[in-house]
Amino acid sequence: MKKLNQKSLDFIDDVIYRHKDEKGPIKLMLHEIQNELGYIPFEAMEKMSEALDEPIAKIYGVVTFYSQFTTEPKGKHVISVCLGTACYVNGSQTILDLLVEMTGAPVNGTSQDGVFSIDATRCVGACGLAPVVSVDGTVFGCTKQLEDLKMLVLDYKKEEAPA
Ligand code: FES
């Protein structure tokens, strides 16, 4: 397991300090930590457990219950492919396979170069655009925008390629 740097540890301490006396502090803290670091490191759960006097298992339970939290570091660009019914019948599996091939990231994992993560998700509530893919939060309705999506992924690959 990679050790967190001092800046990340200080950030976690600050988040805990700011929220520890609020109502429902666990989710507030986890949201900020997830947004800043891209995942919830074990050290964060340890520090929260100590500060809130709650068992780590309780915090870990919250992390694993909500799909927006992850204990694995994500890639620089996060691609989510909806596999809900409307998206699936409109070809999202084919798009997912294409993205896996283009990025080298496995489904629900991160590419070895750390550039891309791919998540397979359930319905994201945009069925009218099915099949739906989002890249770093930008939504693509892929029937019309598949070429745009491919270009974006290729651009990111080029940007990150060693010179
Ligand atoms: S099924 Fe994909 S957005 Fe609803």
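Predicted model: local features only at pLDDT ≥ 70, side-chain atom pairs only at ≥ 80, totals over all residues.
Good morning. Two helices, α1 (6–19) and α2, each supply at least two residues of the lining of the second largest pocket.

Sorted by class, its lining has five nonpolar, two polar and four charged residues.

I turn now to the largest pocket. Its volume is about 1000 Å³. There are 37 residues in its lining, and S67, K74, V78, S80 and D119 are the closest to the centre. Which elements of secondary structure each supply at least two residues of this lining? On the helical side, they are α2 (25–37) and α4 (56–65). The strands that do so are β1 (77–82), β2 (109–110), β3 (116–121) and β4 (132–135). The lining also draws on two domains: domain 1 (6–65) and domain 2 (77–160) each contribute at least three residues.

My last topic is the aromatic side chains. The structure holds two aromatic pairs. In one, F65 and Y66 have ring centres 5.0 Å apart and planes at 85°; because planes over 60 degrees apart count as edge-to-face, the pair receives that description. The other pair joins Y66 and F69, and it too is edge-to-face, at 6.2 Å centre to centre with 80° between the planes. Through these ring pairs, F65, Y66 and F69 are linked into a cluster.

How exposed is each member of this cluster? F65 has a relative accessibility of 63% and therefore counts as exposed. Y66, with a relative accessible area of 28%, is partly exposed. F69 is at 5% relative accessibility, so this residue counts as buried.

One further contact concerns Y66. Which residue lies over the face of its ring? It is K27, at 4.0 Å from the ring centre. Y66 thus has a place in both aromatic pairs, with F65 and with F69, and also has K27 over its face.

That concludes my presentation. Thank you for your attention.

Methods:
Residues numbered from 1 in each chain as written. Heavy atoms only, no water. 1 Å grid on protein atoms, 1.4 Å probe; cavity = no way out; pocket = protein on both sides within 12 Å on 5 of 7 lines; lining within 4 Å. Points joined across faces, edges and corners; volume = space filled by probe spheres on them. Helix = DSSP H or I, 4+ residues; strand = E, 2+ residues; numbered from the N terminus. Domains from an automatic or database assignment. Nonpolar A, V, L, I, M, F, W, Y, C, P; charged D, E, K, R; others polar. Phe/Tyr/Trp six-rings, centres within 6.5 Å; stacked < 30°, edge-to-face > 60°. Buried < 20%, exposed > 50% of the residue type's maximum accessible area, 1.4 Å probe, protein only. Lys NZ or Arg CZ within 6 Å of the ring centre and 35° of its normal.
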